[in-house]
Amino acid sequence: MDIYNVEAAEILAHETLVNLPIGEAAPIYEKLLATFPTAKYWKQYVESYIVTNDEETAKQIFSRCLLTCPHINLWRCYINFIKKVNSKRGSEGLEETKKAFDFMLNYVGNDVASGPVWMEYIAFLKSMPVMTPQEESHRMTTIRKVYQKAILVPTSHVEQLWKDYDNFENSVSRTLAKGLLSEYQPKFNSAKAVYRERKKYIDDIDWGMLATPSTGSYKEEQQCLAWKRLLTFEKGNPQRIDVTAANRRITFTYEQCLMYLYHHPDVWYDYATWHAKNGSTDSAIKIFQRAVKALPGSEVLKYAFAELEESVGAIQPAKTIYESLIAENASMSSLAHIQFIRFLRRTEGIEAARKYFLEVRKLPSCTYHVYVAYATMSFCLDKDAKVAQNVFEVGLKRFMQEPGYVLEYADFLCRLNDDRNVRALFERALSLLPPEESVEVWKRFAQFEQIYGDLSSMLKVEQRRKEALSRTSEDAVSSLENTLYDVVSRYNYMDLWPCSSKELDYLSRQEWLAKNMSKKADRSVMLTSGGGSTSDKGTVGVGANAKLLPQSTKVVRPETSRMVIYDPRQMKGPVISATSSGYTKEVDEIFKMLSPPLMSFITNLPAIEGPSPDIDIVLSVLLQSTLPTGHDVGKPSAPVPGPATTDISGPRNQNGSVRRPPKRKAVERQEEEDAATAAQSRAMPDIFRLRQIQRSRGGGPAQSGSAAMSSGSMFSGEQSANSSS
């Protein structure tokens with residue numbers, strides 16, 4: 001069961017609101033909010049208690065959600081609740097409401113939709129009763145300050161707030177108003193301009209989205225980009241306000257972002273590191289604490305948290321994080337053990353790291369990676385080659401049949417220039433490893449002999465390698481033969497090769513064909529998998545045991561054995577017309593944009609018989625192909641193999657002769673070529689629209705193949721039409 005099913009959650013929340021009393025609905029809301037802790041359901045949940053006049057429970061719910069859910073609608077619900085609770089408490093209640101407004105605007109006053117809240121607060125202040133001139137003066141001063149704060153926030157109501165402020169100042173004192181308005185006019189203009197820019201980023205955000213774990217969907221990626229663009233915009237401080245106010249606005253934007261990208265660790269990390277870079281380490285630590293609580297399964301966030309703690313000298317908190325990582329992954333914790341050993345080496349010294357390694361190596365879940373990491377640390381950091389070699393030798397008794405461990409040990413011995421022990425290690429390992437697991441060890445052994453051995457030992461190891469690996473091949477005889485490709489693999493060095501790219505392509509293909517010529521495989525597999533030339537020598541696997549060649553990056557070789565020559569005398573498919581095609585309206589609209597020659601070509605396409613092509617493969621070939629432009633039309637080209645008959649050369653007259661298009665003037669010919677080029681440029685997006693429509697209608701493989709064939713023919717047909725014109 002998918003607990004993050006958004007559609008099911010929406011239906012459940014609606015049914016709960018409509019059909020269930022709050023006593024029965026509360027457990028459902030709690031379950032929903034446990035899954036979606038920053039969702040809009042908080043407002044629905046708390047309103048259900050407000051309706052029943054359960055003020056205490058409503059206050060508890062508000063205390064749980066307000067600071068982590070800066071939904072402007074939730075906060076407006078909160079302020080309405082406070083006004084209702086304090087409506088009968090007289091002056092004391094009014095003061096409590098005023099404090100609630102201040103608290104609210106201090107937290108969500110930077111929201112682009114907070115304009116009505118500012119206006120509501122000002123209206124509330126104006127309605128407060130005053131008894132003395134001093135109270136009246138204090139109230140006017142308070143209202144003025146609120147106005148001056150409000151017109152600095154780029155909201156949708158900033159212009160209305162400015163007009164109200166203008167009227168307010170002029171109603172108090174025209175003389176004073178002139179100076180104040182001239183002072184705040186540029187600030188208001190800046191806020192208004194920033195709002196216009198801000199709105200461009202705000203409009204790309206889906207404010208109804210629920211926070212779910214990452215799925216990699218297109219919509220989700222677009223939302224991530226939209227939020228990151230908005231954060232970048234806010235970090236640039238476009239309004240040029242003071243640093244404190246700018247940081248408050250950025251913090252608010254991050255909090256809003258986390259309501260929707262709650263399960264994205266990169267957002268939490270960016271938020272915490274932004275605080276750390278601005279000198280607020282305590283805030284960064286609090287963000288990391290929230291992050292690991294929100295995403296308990298994210299190890300990388302815990303490593304980042306421990307790194308921050310260690311960087312500020314908080315060794316014990318960092319150690320606690322490492323210990324929690326090890327405890328939470330007791331059965332698969334080799335990486336945590338390795339990082340903890342390094343941490344102990346950095347913070348407590350060599351002896352603490354050694355002691356912990358001796359404890360870890362006794363665990364059944366300890367893998368060879370821990371031995372390699374500790375040995376490398378001893379060699380590189382402690383400069384103690386003897387301890388490192390002892391660790392490798394102890395681990396070899398346990399991990400002799402691990403090719404990865406053997407190769408790491410061999411690398412270490414090579415760094416010591418101990419070629420005698422390297423050969424002994426390879427011989428011991430290859431005597432125990434099964435042939436199918438020894439490929440990389442043999443390869444490294446051969447490379448070692450190329451560097452440390454003489455010609456005789458190099459050829460001997462290469463021959464032994466062939467003999468050992470031939471046991472895993474069906475064609476043992478061909479695997480034992482020496483080829484020129486073996487010489488290439490022996491005499492290349494890094495990105496230097498003893499042959500040209502053309503020679504390497506040829507030799508590598510011959511090597512592949514020799515290894516596969518006796519297999520009873522489909523010929524098409526050989527052609528498509530091994531065909532083509534390689535543009536980068538480094539991509540070709542060296543060594544005679546290469547199983548497959550890389551895909552070609554230059555030439556796409558078709559399967560010619562399955563090609564069928566197009567002949568219009570074949571059975572025609574369904575007739576397609578622009579007015580009555582049987583397809584959806586979107587497909588009809590696409591057909592209307594096609595040129596008449598292309599439409600005629602599609603109409604005369606034969607019905608697809610036999611296996612249908614894969615639409616993704618067809619589209620990828622089309623996208624990678626270089627199509628002729630209008631300037632290439634009419635140029636002579638190489639003859640295309642085809643049937644000897646002239647029946648497919650074009651439409652015929654009644655006497656049987658081929659009907660040729662009439663000659664045109666140069667200007668008319670150029671105009672038609674330009675029109676054909678424009679139609680060809682429109683064909684590319686049309687293919688994708690056809691593909692999307694076909695998939696949305698649930699087309700099966702045969703339907704997708706038909707659509708792909710039509711798409712592929714669109715290009716070739718239009719090319720033919722342009723050529724004939």
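Helices here are DSSP runs of H or I with at least four residues, strands are runs of E with at least two, and both are numbered from the N terminus.

The model is predicted: local features need pLDDT of at least 70, side-chain atom pairs count only at pLDDT 80 or more, and totals for chains, interfaces and linings use all residues. Residues are numbered from 1 along each chain as its sequence is written, and side-chain values use heavy atoms, leaving out hydrogens and water.

Now look at helix α13 (residues 265–277). It packs with helix α15 (residues 299–311) at an angle of about 10 degrees, the axes being 11 Å apart. Axes are lines fitted to C-alpha atoms, for helices over the stretch in contact, and angles run from 0 to 180 degrees between N-to-C directions. So α13 is roughly parallel to α15 (under 35 degrees; over 145 is roughly antiparallel, 65 to 115 roughly perpendicular, the rest oblique). P265, W268, Y269 and A276 of α13 meet L301, A304 and L308 of α15. Contact means heavy atoms within 4.5 Å.

E255 lies in helix α12 (residues 243–260). Its relative accessibility is 6%, so E255 counts as buried (under 20% relative accessible area; exposed is over 50%, partly exposed in between, with a 1.4 Å probe and protein chains only). Leaving aside residues up to four places away in sequence, E255 touches L67, P70, Y107, Y271 and R290.

Next come the aromatic rings. The whole structure holds 44 aromatic pairs. Rings of Phe, Tyr and Trp (its six-membered ring) pair if their centres lie within 6.5 Å; planes under 30 degrees apart are stacked, over 60 edge-to-face, the rest tilted. F101 and Y121 have ring centres 4.9 Å apart and planes at 15 degrees, so they are stacked. F101 is in helix α6 (residues 90–108) and Y121 in helix α7 (residues 115–127), 20 residues apart. Both F101 and Y121 are buried.

Y368 and F399 have centres 6.2 Å apart and planes at 65 degrees, so this pair is edge-to-face. Y368 belongs to helix α19 (residues 368–380), F399 to helix α20 (residues 385–399). Y368 and F399 are buried. Both belong to one aromatic cluster, whose members include F357, Y371 and F412.
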